[in-house]
Amino acid sequence: MNTNPYATSEATAMPQNELEARALVRTAGRLNVCKENWPVSREQLDEALDLNRKLWTILVSDATEQSNPLPFEIKQNVFNLAHFIFKHTFKIMAKPEAKDLDILISINMNIAKGLNEQSVNRAKAEMETNPPAGGSINISE
């Protein structure tokens, strides 16, 4: 449970894709800790894999909702990627090897990068259509 009110308000003010990107990076970080400290306890590995699986369950559930405005092709790609992640996770659980974590880490980081690029592009478009009143803001004064 997060008792930091600033973290809670920050998360609620953040666009969905930025929240997803942060979750992907944090989960990749947990997997990377396992890889970098190999061999790790079965409990630590299972926790990191389970966290990643839960995250991808949420992502694929949201992406494939009928009400989600994503194009069908993107929904299908997210579904296929999640299916691969689930299969690969079970492979690691059956025969744990540090190198097998690389693909999960890489997928999470690349998806997070794409989500962050969307945020940057959206912010640039917002600035072009609604520039700040009075020009630029100088906070160093």
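Tutor: A residue counts as buried under 20% relative accessible area, as exposed over 50%, and as partly exposed in between. With these cut-offs we can read the present model, which is a predicted one.

Student: How is Arg53 classed on that scale, and what is its relative accessible area?

Tutor: Arg53 has a relative accessible area of 28%, so it is partly exposed. Asp50, with 26%, is partly exposed as well.

Student: Which salt bridge does Asp50 form?

Tutor: Side chains of opposite charge can pair when their charged atoms come close. In this model Asp50 forms a salt bridge with Arg53, and the closest N and O atoms are 2.3 Å apart. Both residues belong to helix H3, where a separation of 3 residues corresponds to about one turn of the helix.

Student: Which helices does the salt bridge between Arg30 and Glu47 link?

Tutor: The closest N and O atoms of Arg30 and Glu47 are 3.8 Å apart. This pair links distant parts of the chain, since Arg30 lies in helix H2 and Glu47 lies in helix H3 (residues 42-63), 17 residues apart. Arg30 is partly exposed, with a relative accessible area of 38%, and Glu47 is partly exposed at 40%.

Student: Asp100 forms a salt bridge with Lys99. Is Asp100 buried or exposed?

Tutor: Asp100 has a relative accessible area of 8%, which places it under the 20% limit and makes it buried. Lys99, in contrast, is exposed at 55%. Their closest N and O atoms are 3.5 Å apart. Salt bridges that share partners join Lys91, Lys95, Glu97, Lys99 and Asp100 into one network. A search of the whole structure finds 10 salt bridges.

Student: Let us turn to helix geometry. What span should helix H2 have, and how far apart are its end C-alpha atoms?

Tutor: The expected span of a helix is 1.5 Å times one less than its number of residues. Helix H2 covers residues 16-36, which is 21 residues, so it should span 30 Å; its end C-alpha atoms are 30 Å apart, in agreement with that expectation.

Student: Which residues of H2 are buried, and how are they arranged around the axis?

Tutor: The buried residues of H2 are Asn17, Glu20, Ala21, Leu24, Thr27, Ala28, Leu31 and Cys34. Viewed down the axis of H2, these buried residues fall within an arc of 140 degrees, so they line one face of the helix. The face turned away from the buried side carries the exposed residues Arg26 and Glu36.

Student: How is Ala23 classed?

Tutor: Ala23, which is found in helix H2, has 25% relative accessibility and therefore counts as partly exposed. The C-alpha atoms of Ala23 and Asn52 are separated by 9.2 Å, although these residues are 29 residues apart along the chain.

Student: What elements make up the protein chain as a whole?

Tutor: The protein chain has 5 helices and 0 strands, and from the N terminus on its elements run α-α-α-α-α. Among contacts between residues at least 6 apart in sequence, 62% join residues at least 24 apart.

Technical notes
Residues numbered from 1 in each chain as written. Predicted model: local features only at pLDDT ≥ 70, side-chain atom pairs only at ≥ 80, totals over all residues. Heavy atoms only, no water. Helix = DSSP H or I, 4+ residues; strand = E, 2+ residues; numbered from the N terminus. Buried < 20%, exposed > 50% of the residue type's maximum accessible area, 1.4 Å probe, protein only. Arc of directions from axis to C-beta. Contact = heavy atoms within 4.5 Å. Salt bridge = Lys/Arg side-chain N within 4 Å of Asp/Glu carboxyl O.
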